[in-house]
Amino acid sequence: MLQAFEGIYRNGVIELLEVPENIYESRVVITFLAAPSIPRSPTFIQFGMFAGSHQSTEADFEIAEFQGDTDDELDWS
């Protein structure tokens, strides 16, 4: 007889939300349901955020600075 139980998969472990009765050992089939999407807040890069052997300098940020797009027909002056 097939039985279905709801559970949660987290970090490689399945946690059952209900304990099955009279089942001490059994083969299982796991089906992952579509998880609702989690809205994410915008993330901004900040100076020194990615620490490592090479730290970002002001010159790095000046190179990456947006200079305007001449093809967008906007006045960037």
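Reader: Is Glu-6 buried or exposed, and why is it called that?

Author: Glu-6 has a relative accessible area of 59%. Buried means under 20%, exposed means over 50%, and partly exposed lies in between, with a 1.4 Å probe and protein chains only. Therefore Glu-6 counts as exposed. Glu-6 sits in the segment before strand 1. A word on sources: this is a predicted model, where local features need pLDDT of at least 70, side-chain atom pairs count only at pLDDT 80 or more, and totals for chains, interfaces and linings use all residues. Residues are numbered from 1 along each chain as its sequence is written, and side-chain values use heavy atoms, with hydrogens and water left out.

Reader: What makes Tyr-9 and Phe-32 an aromatic pair, and why edge-to-face?

Author: The structure holds one aromatic pair. In the pair of Tyr-9 and Phe-32, the distance is 5.3 Å centre to centre, with 90° between the planes. Rings of Phe, Tyr and Trp (its six-membered ring) pair if their centres lie within 6.5 Å; planes under 30 degrees apart are stacked, over 60 edge-to-face, and the rest tilted. So 5.3 Å passes as a pair, and 90° makes it edge-to-face.

Reader: Which parts does this pair tie together?

Author: Tyr-9 lies in strand 1 (residues 7-10), and Phe-32 in the loop between strand 2 and helix 1. The pair therefore ties together parts that are 23 residues apart in sequence. Strands (E, at least two residues) and helices (H or I, at least four) are DSSP runs, numbered from the N terminus.

Reader: Why is Tyr-9 called partly exposed?

Author: Tyr-9 has a relative accessible area of 49%. Phe-32, at 58%, is exposed.

Reader: What makes Glu-15 and Arg-10 a salt bridge?

Author: Their closest N and O atoms are 3.8 Å apart. A salt bridge needs a side-chain nitrogen of Lys or Arg within 4 Å of a carboxyl oxygen of Asp or Glu, so this contact qualifies. A search of the whole structure finds one salt bridge. Glu-15 is partly exposed at 42%, and Arg-10 is partly exposed at 47%.

Reader: Which residues make the nonpolar surface patch?

Author: Tyr-9, Ile-14, Leu-16, Val-28, Ile-30 and Phe-32 make a patch of about 640 Å². Patch residues have over 30% relative accessible area and no salt bridge; like charges are joined within 9 Å, and nonpolar side chains (Val, Leu, Ile, Met, Phe, Trp, Tyr) within 5 Å. Val-28 has 64%, so it passes the area test and is also exposed. Val-28 lies in the loop between strand 2 (13-16) and helix 1 (58-64).

Reader: What is the phi of Asn-22?

Author: Asn-22 has a positive phi of about 60°, although it is not a glycine. Asn-22 lies in the loop between strand 2 and helix 1. At 67%, Asn-22 is exposed.

Note on methods:
Accessible areas come from the Shrake-Rupley method with a 1.4 Å probe; for residues, only the protein chains shown count as cover.
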